[in-house]
Each structure stands twice: as C-alpha cells, then as structure tokens.
Amino acid sequence: MSPAFASLDKRLVVGIDLGTTNSAVFQADPGSSGTNASRIRLFQIPQLTGPGEIHRLSVLPSFLYLAGDFDVQRDSLRLPWSDARMAPDRMVGAWARDHGAHVPSRLVSSAKSWLCHAGVDRRAAILPWGATGAIPKVSPLEASAAYLAHIRSAWNHLRPDDPDAHLEHQFIVLTVPASFDEVARELTLEAAHIAGLGQVTLLEEPLAAFYSYLNLHESDWSSHLQPGELILVCDMGGGTTDFSLITLREAAGSPRFERIAVGDHLILGGDNIDLALARMVEQQVGKQAANLSGDRWRTLCHQCRQAKEALLEGAADRKRITLVGGGGKLIAGTMSAELSREAVEAVVLDGFFPLLDASAPDVNRNRAGMTEFGLPYENEPAVTRHLGWFLEKHRRDVEQALGRTDVVPDWILFNGGSLKPSLIQARICEAVCRWFGKDRQRTPRILVNPEPDLAVAMGAAYYGLVKGGMGVRVGSGSARSYYLGVAVADSASAAGASPEKAVCIVERGLEEGSPIRLPDREFRVLANSQVIFPIYSSSFRSGDRTGDLLDIDESFTRMPPLKTIIQYGKKGGQTTIPVGIDAEFTEMGTLALWCTSRLSEHRWKLQFQLRDPAAVALEVGEIEIFEESLIRRAAAQIGAAFRGTPKGLSRLVREIAKMVERPREQWPLSLIRHLADALIEVIDTRKSTAEHEMRWLNLTGFCLRPGFGDACDGQRLRNLWKLFKPGPVFSGQQQVRIEWWIFWRRIGAGLSPGQQRQILQDVSGLLLPGKSARSRMPVQEWLELWMMTANLERLSVKDKVKLGRALMAEIASGKAYPQLLWGLSRIGARELFYATADRVVSPQEAWNWIEGCMQMPISPACLSCVQQLGRRTGDRVRDIEAAQRQRLIQWLEANGVGPDGIRMVQEPTSIVRQDAQAIFGEALPQGLILSGESSG
C-alpha cells in the first residue's frame, strides 16, 4: 500500500459520475496488487428495471419518478433495502426513466442542468417543471441527492455485515462539469451530504475522462503521446459541453501532463438534440401537433431520445414515433411519424456539428437561447462553433505552454454519450481543420475511449489512486500568480485608492488542490461596512512565493475586486478588527480566502473564480466613476441639507447635479449608492417635517433603485426594512403616503420572498376591500399602491393569481388606468425582471387576462400590457399556446403594432435595457449590468 494511503486504513477509492442522463460508479482497492487498471472495476448498480424487478446495471439512469396513487402499484416500488432519505412513492433508475416516458408529468430529468440554472431557486420544489399543482415536486438539489442516496443504499446493501465497508466511509471522488460555477459545485457537495456520503472530493469531468485514458493506457501512453503535443478533451453529455486542453511537457528530465485551458459554461448537450428532433417531428405532423400539450411534448422528447440512440448506434435504420391522443380524442388525437437514420444524422450534423469557417457570421448571437422545459440552453447550438471560439480564445495559453501558434489539437479525446457515434467524432475533427483553414494532413487523431458513458467514473477512481501517489498525475497548476492587495500600516492613502502592496497568494505553477501556507501576518479589516478586496494577477512574473509582500508595479494586472461586508458583532457598528488570512487553491480552480478574527472564533470566507483568463481583463460595469473627493462632497451636501430647513431640501438635487455636472438621470451606480449610504446615515432627519420625510423617501428610493446591483445592497436593504412595519412618520399627509409606496416599489426587488409576502399581507386589505373602504383612498395613492405590489415578483404564483384577478376586475370595470395595466403586465409577465422562473403565473391564466384586455379600448398601455403577458420565452411551460399566440399577433397587427413588438410575441428575444426599463417602470441606473447583457 502507498504510504499516502496509510491513514486511509482499508478504505476503497470510489469514483462517482453524477451525470445528467446516467450516473456511474467505479471502485478501486489501493491495497491490491497489480496495475491500476486491474485495481479499478465497475460497480454494477442494483435498481428497479420493471415492476418488482431488480437488476444490476452498469449505469443508474438519472431519472426520478414521483409515483401517484394509481399509476404504479406501491408494492412494485419496494427495494431490498430501506432508506429514510427516499420516500416510498419515489424511484430512480431504469424503470423510473422507462415508465416516466409514458407519464412525463411525474418524471424528473436533467436535474444536473437545473442545479446550475441560476434563473430558478435550486432549493425550491420546482421539478418536474410545469407539472400541475396536484403532483408533488422536488428541488434540483433533492433530485440530485436522491440519485446519490440510491447509490449509497445499493452499495451498503451488498455489504450488510461490514459497516466499515459502507460507502460513506470510503474515499469518494465525485465529478462535476469543468464549467460548473461555484454555486452549482457547493450544491453538489450539499447533495452528497444530504445523501449521507459525508466528505467527498470534487473532480472536473474532462480531467476525469483523460485520467480514464491514462488508466487504460498506463503502460503504453508514451508510445502514442509525445512532448509538445496538444490534446483536446471534448466532453458532451446530456446537459453540458466541456472543453479542456492538456499537453505533455518535459519537466526535470521527465514528461509531465499539464492542463492549460478550460472552457466556459455551456448548457448544450444531448437534451438539445432531442428537442431539435422533437421539433422536426412536430413539423412533420403539421396541424396534428398544433395543440401538443406539455405532457405530450415531454413524451415526444423522450421517444425522440430513444430513437436517436437506436439510430445513431446502428441498432435500427428507422424508428416510428407514436403519441396517443388524450381525453375524448384518445384515438382521433393519435399522431405518428417516422424517423430515419439519414434524417437524424442530418439534424445532428448540420444543426449541432456543422462545418464552419471562422469568418462565418453567427446568426444566433443576438437570439435568446432556447428555454424548453425552463432550462436556458445556449442560443448558439453549433458545438463546432463553440469549439472554434474556445481554441481561438486560448491561443495565447497554447503559445506560452508549447511555443507554437497553431492551436489545432494533435489529439482529441471524445467523451460523453452524445459523442459516441463515430460519424460525429469524424465531423468534429474535420470541423476543426475547416475552422482554422488546415488541410486533411493536419486532422487531429482520436484517442480511443471505449466506454464514453463510463469513462468519467473510471477516471475519478483512477484520480483517487493518483492522489495517493499511484498513477500518472495531470498537472493543473495555475498559469498565473495571484495577489491580494493590502494597504501597508500607517498608509495615508485615501479610502478606495489602490493599495501600496500586494501579498502573493497563489504562486505561478501551484497545483490546484494544493494547500496554501501564508506567514502568520496580521491584517486589519473594516467590519459592518463595504470593503473591497483587490485581486491582482501576473502571467509573466517569476520567483514570487506565497506570502511575499511586494510593491505593485506595471507587471501586475488588476482583476475585478470582490466587494462585500464583513459582518461582526450584534450591534452592526463600523469597527476595525485584526484578522489573519488563510487560503486554499481548490481542485476547481477557485481561490478561497478566509479572514480569521484575532479577537474571536469568527471566520469569513471569500471566493474568487480564477479559471477564466478573460476575467483578468474584465471591464468595470460603470460608464464612469467619479473621483472620491467629489463623491464625499456630494454626500456631505446631503447631510447638510437634511439637517437643515425644508427650503434647503428643495435645492438639493439641483446642487448635486451641478456639482457632478450630470443631471439626476445620468448619475452612475457607484455615485447613487454612495449617496444612498449618506441618506441612510441621516435616516432620523425624516422625522423633522413632512417635507423632510417626503424628500428623503423620494431621493433614497431613487438612489437605491432597483434594490440590487451593488455588492452591499443587501446590507442597505436590511437597514431599510426596519422602516416598513412602523410606516411613514407623517402618515396623515397624502403626498408622504404616495412617496412611501413609490419608495418600496423602487427598492422592492432587493427584498426577500418572505419580506415581499409580509408587505402583501399588510396591504392586501387596502387593495382588496369592499367598495366603501376603497373609496376613502385617493386615486393616485391607490394606483401607486397597486404598482408597488405588482413589482413584488418574488410573491408565490398563488398570490399573484389572486392579485391579477382582482386587478383584472378593476380594469374591466372601467378603471383602465395605465398604471393598472402596467401592474397587470408585471404580475402576469412571462419573463421576470429579477425573480426566478418558478414564480411565473400559468400561461392559461395569462391568456385569460390577455383576452380581457383585447376587449378594452385600445391604448399604448393596453398594447404594452398584452405584449408582456404574451411574450414568448421558448419555454412551453410559460408560453401561451400556439393558436393563442397567432390570435394575439393578428390582434396586435390590426392595432398598428410594429415588427419589433410582434417579434417579442412571435419568437424568443433577449430582454434588452429598453425592455427592462419599461418593465421596471422607470430608467435604470447607469452602470447596472443586467443578466445576459454583454459589453459588446
């Protein structure tokens, strides 16, 4: 046994691939004799394959079925083990997948893709996406944990008499896509914890795939791969596509593998191909599919997946797709189509792996990505284009590592079920040459991967052995050195200025996963106030060692800093505390820093993603940033005005506008947030007079709109939330009450779901009372109250439906005020401004409101309202039906709506800044970067 494993006693190494479509497990015994290949073997996973039938299969299909009362006999779901983590009405694996294809409304699939979808609450019970309220749902986190829990229970069941051999006591390596963000990785670890696996080590999937190759060729890889060659790992599974570049270099007289580049996050995989085939079948059957329901659409996608696999793997030449009708049209509603191998190959090759020149225009770049089933798939489906971009982007990395400008890989290792067919592998090789204008002699060679579905799990097990010194390691060291900016003691530099020194945190070439030991040096941070942690990098400095304190010069490149608040103490007052700095350079390419208090047991974690070289040159989102002394003078002007008479307040905005030489509408984000801090400091002055309160509410709401966008907005909103329950001081003044509702509308996007629910509970009596009570509220205040409530996007769908129906009744009764129509468009919007997609009202409810609006007198507000209610997202769960959409388009055209307005309803389009400002209700701050915006 290797000395590195001495402390592991008799533990096995277990590699787990938690896949989008299939999960797999390999185990390795470090103490056994022989080669690593002989130590590593597949764990056949026991699972249900039919009613009451249990077989051990090489993979566990990543599907979770939520059984109903009558669709499955509960006895048929019994497994030979019990696990409190898995409810008795749930099953995972092969039968879950096969049975769920016929009852798709109860089938959870692609949980892994949902786990990295920032547009939804990944801890909320939202899957199956679009299922009716009668069907219980689970979160993406819960579904992921269910697969791991099944693996754990199955493993332990086969070892009933040896608790030490249970899975949670082994050395577990769990794989994730290289492109997973930090949140998705943390959720993966949490899923493992929920499943009872305890501590696990994460490994990126493309690297695991290459380790699998090394495992199978440990004795002869040197006869194939030569120093200086470039190896591309191309990994495309069911949900994501990952690229990595690896090379072999001579180091200290011996060859060493090094990873030199990792690709960006791409939600693009086999699921996209299935959707494309389903749309092709839908077009074939024509009018028969016009009213294809959500469940029938899911069934069609599942059948297309099965047909694709059979046709591309050569198991058949043609496959028939049949969807039976529903309800009273069980027979008449049946639709049928045939898929041929040639047709499938054409869709796959031309749509996803086309031959492109680098100069070919990207017609999809400005199109919104597909969001079928709620997932934000890539708007550009061509994998070969993404591959060309990836290789071009890392040309400099290749040149630095190998001294060559040619980025065409010498070898490609294909991995993932979507890349199994040989014709796809050949097409990708050809596409790389075409993109870079190379002839056939430069076509990359293929590293044979006999089991693409199993390679990642096998490689994970091999990596576990490598961690113990048993095998060939792939160096994934940092191509750059990284530094933390600090202000030296007794520095007279102004707040916000560049620090005079930098501490080397990650030295160039440091292996990912290596511990970082910093000298026991004391630093000081300002708690309970915004602090900025400057980060620098250098790709050419050499000789710097971890802990070195260095002068900052032109050899340092400034990266986007991390802005945050170190919370300390119960009172929350600003104070300077001494801290030490601990650091870790993780396997995932993340720099984790901890500020450890020298006064208490407190420890604060800061995370920086260092993987993407483009982040080094990331531009600040601000259009302009004002000089610090100018900002301080403007903030001081606020303090002086609010501590003075009402007369001075009336001139305040004009004076600040003159001082910064910009009208109020052009004040950038950094300025208005500094002004908001100054306003919060004088919060008690609003109690002086009604004029003080009115001006304070107006200006503070303006400076903090839309409630998010700056790292410290959360803290600001926590301070302001304390105002809501007491209400306005001068509540007897109508204009104060109006400003009160405008204030909460402006900053409401920064409030939590619970806070928004609290607001609704407190104001519902004002919105939904009898006529006599409502008549006592002035119309302008009543309108502002509705607009504020309509902007609470994080309310539950149930609450939104209640509000929308009440609002629709008001509008239909003759009160078609523009403000109310705007409110209805916000409550029933298909694409939300800031909340997650699981908070969208059902399309049928939205259509009912659209029909009501279509009966009203035409006005710009009415047209804008129905456009937002009928906006197309590409997600069938959120979009109105095709026939409804066509009727809406005809109505809009008949009422003079132009091509841009029609396009919004006709096809998925990205929300641009103008759309967002119309949705929000007023201009957004300059410098606020919206999700999906690009610098170009």
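In the predicted model, Ala502 stands opposite Leu550 of strand S25. Strand S25 comprises residues 549-551 and runs antiparallel to strand S21, to which three bridges join it. Strand S21, formed by residues 501-506, also pairs with strand S20, which spans residues 481-486. This second pairing is likewise antiparallel and extends over five bridges. Within it, Tyr483 has Cys504 of S21 as its bridge partner. Strand S21 is mostly covered, with five of its six residues buried.

A contact between two helices was also examined. Helix H23 covers residues 797-812, and helix H25 covers residues 843-854. The two pack at an angle of about 10 degrees, and their axes lie 11 Å apart. Because angles under 35 degrees count as roughly parallel, H23 and H25 are therefore roughly parallel to each other. On the H23 side, the contact is formed by Lys800, Val801, Gly804, Arg805 and Met808, which meet Glu845, Trp849, Gly852 and Cys853 of H25. Sorted by class, the residues of this contact are four nonpolar, two polar and three charged.

These elements belong to a chain of 936 residues, whose secondary structure comes to 29 helices and 29 strands. Buried residues account for 56% of the chain. Among contacts between residues at least 6 apart in sequence, 70% join residues at least 24 apart.

Methods:
Residues are numbered from 1 along each chain as its sequence is written. This is a predicted model: local features need pLDDT of at least 70, side-chain atom pairs count only at pLDDT 80 or more; totals for chains, interfaces and linings use all residues. Side-chain values use heavy atoms; hydrogens and water are left out. Axes are lines fitted to C-alpha atoms, for helices over the stretch in contact, and angles run from 0 to 180 degrees between N-to-C directions. Helices (H or I, at least four residues) and strands (E, at least two) are DSSP runs, numbered from the N terminus. Angles under 35 degrees count as roughly parallel, over 145 as roughly antiparallel, 65 to 115 as roughly perpendicular and the rest as oblique. Contact means heavy atoms within 4.5 Å. Ala, Val, Leu, Ile, Met, Phe, Trp, Tyr, Cys and Pro count as nonpolar, Asp, Glu, Lys and Arg as charged, and the others, Gly among them, as polar. Buried means under 20% relative accessible area, exposed over 50%, partly exposed in between (1.4 Å probe, protein chains only). Two strands pair if DSSP finds at least two bridges between them.
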